[in-house]
Amino acid sequence: MSDTHYTTSHEYIRVDGGEGIIGITDYAQAQLGDVVFVDLPPIGKSLSKGTEAATVESVKAAAEVNAPVSGTVVEVNGALADTPALVNEDPSGEGWFVKIKLADTSELATLMDENAYREFLKTVS
Amino acid sequence: MRYLPLNAEDRAEMLARAGVASIDTLFADIPKAKRLDHDLDLPMRKTEMDVERLLSGLAAKNVAAGSVPFFAGAGAYKHHVPASVDHLIQRSEFLTSYTPYQPEIAQGTLQTIFEFQTQVAALTALDVANASMYDGSTATVEAVAMARRITGRSKAILSGGLHPHYAEAVRTVSTMAGEETEVLAPDVFAAEDFCSLIDADTSCVVVQNPDFFGNLRDLSAIAATCKTKGALLVGVFTEVVSLGLIQPPGAMGADIVVGEGQSIGNRLNFGGPYVGLFATKTKYLRQIPGRLCGQTVDASGRRGFVLTLSTREQHIRRDKATSNICTNSGLASLAFSIHMTLLGDAGLRRLATINHAHAVDLADRLTAVPGVQVLNKTFFNEFTLRIAGDAAQAIERMAEMGVLGGVPVSRLLPGRGLDDLILAASTEINTDADREAFADALQGALSC
Amino acid sequence: MLMRPKESIEVAVPEKQTFTGNRGLDIEEGLIFETGRPENTGVDLDEPAPFAHRLGSLERQEPAGLPGLSEPETMRHYVRLSRMNYAIDAGIYPLGSCTMKHNPRLNEAMARLPGFADIHPLQPQSTVQGALELIAELARWLMVLTGMDAVAMSPRAGAHGEACGMMVIKAAIAAKGEGETRKIVLVPESAHGTNPASAAGAGFEVRPVPARPDGTLDPAAVRERLGPDVAAIMLTNPNTCGLFEKDIVEIASLVHEAGAYFYCDGANFNAIMGKTRPGDLGVDAMHINLHKTFSTPHGGGGPGAGPVVLSSLLAPFAPVPFLRREENGLQLVEHPSEAPGALGRIAAFHGQMGMFVRAFAYMLSHGADGLRQAAEDAVLNANYVRAGLKDLMSEPFGDRTCMHEVLFDEGWLKPTGLTALDFAKAMIDEGFHPMTIYFPLVAHGAMLIEPTESESKASLDLFVATLRDLALAAKRGAMERFAGAPHLAPRSRLDETRAARSPVLKWEKKSKITPLT
């Protein structure tokens, strides 16, 4: 999992070749509580770094999932429509949100790696 | 003061407990120069008897609908409300409870909302309904805003048969939000053609049925056109009793249906409070404004109800909410629901049939008055008269004769050359004698 | 303390349900769709004589399928349901920022006089002069109480009033030719959610303003954000932390100097009526929740009424309808064409007359002296509660007096592992409606208590004693008081996740949930 990168707003992107899978971290899902709804973007939508890629809702909160880097949506996790609980149960696996084709891989350098994110978490709680 | 439990001794003791020397200390954050050190120039407290006397005096200056032959409609209708309805809504537990934010001790309100939502969805023939809006006009404003969110388009087309107050409200609010509204010319004969007007910018077409002039409109064709062109059809009604007898907008293809529910369970109240009904298709669920009540279970597995899908609402989404609405028409929607429970399908259909029968009878009687013409081919309980004279003057003259004989169209549509039109409604409250009195009074008014 | 409860009693939940699911006077009640039938009705209506209908081809094809119940069945249904509700008539309802005060029944009786309840909004104005006089008098009281020059009576509720105020401001800005430049509305983070929603609905962009550590707004923070692009600030005063914005006059001047307007959310006007006037503080527009300050009943969520008082600068832009006194009495100005340049119309007809009558009856009953006393008692009651609890609970903005409501946070609960929600739910078992929790957002785990002036000292003593008992139980780890609470309410904690994940928003024949266990 060395090619997973993190944002300070608790999104991750797991990069494989020129594509990356975006989701929210375990910390983020715990903060949100039971996820009840996920709103995903249309395929083909182009996202720029830091803009809204999806929204995720719990009973009493709604949060934006921002694109960690720029890219074009190539796939979304359709399973979340019926089973939003996947975000809680397996945020880094089955509970992913969006797959994008990266526009500029150099943007990854602005993100944290797993160790850095772990250190970052210590500062926020 | 009878509403204030504290006496001087309490106050002194409590101030001491609060650790302050005087009540003024508690108001110390108000800039001194801005503090009032005297009572305002308003009357001092009054006894219950005095308030009754004063307000009864004001009330007596008004002509109550029930005291005369009465035929005004135009978006507000006088119907008979069973005594049990008003009794039940004055139960302390309904009247003096708050929005059901603590569901464990608000199941009464929540279940009634769930039942209300089910009733409204069934009446309008749509999938889901919300827990109410303020009234029909503001519900229409919200429907137009919702259509814009769904379609991403900016222009709403409002039928010339839409209640003029509703159209004005939509135009005002839309203009302020930077959106476009096309209000069509008053359409007395339901002859307008929308199809050529709908373009790629059109978010929705808003059509009322029965329309403002009383005509019944088949929405099917316009619904089909909307669908083809990617716009939504918003169906509006101002007389909910009509849904007992005529095709509901949902069955004719409307995507959003909004309307005024005052006729069921609620009095005229000089225009408010009323109750806005709002229903739509399941696929638009996340764009609905206002509260929704949903079914769930409690920790012991018992059925219960909660407010749900709240992430649409202002208290969570703030400036990104689907609407700013918070307080809605709670008690008025309860009155609606109780009255509808008493009626049921059979009662509603009977009530609607009587309304229609009375209106047909009234139309026949008025047609017989020289100089009076009924313009409608179809109608439910209200229709448009053309008279040989000024409608507003005729209404005033009839009022002097003790008959409240409808609404002059020019009151809502001034300066449009419609000064000879009267909207007349007849509901179940009118007797044969009332209708005869109307015909006589109109004849008298026209011959002055 | 008069009525301090004995040692807290640990209550076991009955493990076995009764045959009916009822428990004594708590009676379970099904849905009307389960008990009623479409062919039944509780209303007797004579069948009309045969006639030729004029429906064209538009007769309803499919019946709605609505069940009907006879009158006795209907009475039982709703009476049973009503008993599952908490109510102000039954006990203290300390919801902060909601002002759940006593709803006098005189108001209900007056609103039901046929001369008010049974008049049509469009019947000739000569036949409703008494109603128009009442509206004019109520408007005068509101203007005197607030020190403002005009009032728009038509808004249906607080949020509708906010929208009205924002639109009036937008119209005023447009009239100055600044419509294209002034697009921002400043809203403090402690604001009620309706504020940003109303501003956004009127086409403004919302910018937050943070509060100072003392919970009030810093004029410097406002000045920093003001500019030629700012249209207005929306401020609640007293704010939602129960504190009076002590720099309000300076903030108002800054806002005006920058060419913007000052909108005040009047939700908390109850604290200051008769003590100061918003007009004197520099407010340009403010809505008044008649269903809070002036006692019209909340009715389980409405209806309300939200008249908006306006300064002389904004008065020309007020929406129709408004009243004009003419030779032949009061006349409504109803059509936008009669008020060119003004806002237009924001809803049908003339406003919430039923609420106007109730509010006016309340005002007349109190008089200038009684309203002032009510504000003082409301503030005193809040401070009395504060004094009774502050040694056990934590205050986010330090040890200081409050206005009509007192804000605690859940900091004091942290060592116990309990949350504001747990505490609130345990209050239900003790027979109290909880305070507002998790609002305002500026406090972590907010617990906002507004007792109002309607509570007696004895009522507050019991309330404080109970909360103290619960607080001490929490601190000593008596988790059974909190775990899974409430246990004694008509329902235990409801599964809100389930409700939101697969929404069931109406009754359907094939429901996944059986009526009773």
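This tour moves from chain B as a whole to a sheet and then a helix in chain C.

The model is predicted, so local features need pLDDT of at least 70 and side-chain atom pairs count only at pLDDT 80 or more, while totals for chains, interfaces and linings use all residues. Residues are numbered from 1 along each chain as its sequence is written, and chains are lettered from A and ligands numbered from 1 in the order in which they are written.

**Chain B.** Select chain B, which holds 14 helices and 13 strands; helices (H or I, at least four residues) and strands (E, at least two) are DSSP runs numbered from the N terminus. Its C-alpha atoms fill a box of roughly 80 × 55 × 50 Å along the principal axes. Of its 448 residues, 65% are buried, that is, with 20 or more other C-beta atoms, placed from the backbone, within 10 Å of their own.

**The sheet of chain C.** Next, select the seven strands that form an open, mixed sheet in the order 1-7-6-5-4-2-3. Two strands pair if DSSP finds at least two bridges between them. The edges are strand 1 (150-152) and strand 3 (205-209) of chain C, each pairing on one side only. Within the sheet, strand 5 (residues 261-265) and strand 6 (residues 285-287) of chain C run parallel over three bridges. One bridge joins C:Asp265 to C:His287 in strand 6.

**Helix 11 of chain C.** Finally, select residues 353-389, whose end C-alpha atoms span only 41 Å, whereas a straight helix of 37 residues would span 54 Å, taking 1.5 Å times one less than the number of residues. Centre the view on C:Gly367, where helix 11 kinks by about 95°, the angle between axes fitted to the seven residues ending there and the seven starting there.

Conventions
A residue is buried if 20 or more other C-beta atoms lie within 10 Å of its own, exposed if 12 or fewer, and partly exposed in between; C-beta atoms are placed from the backbone.
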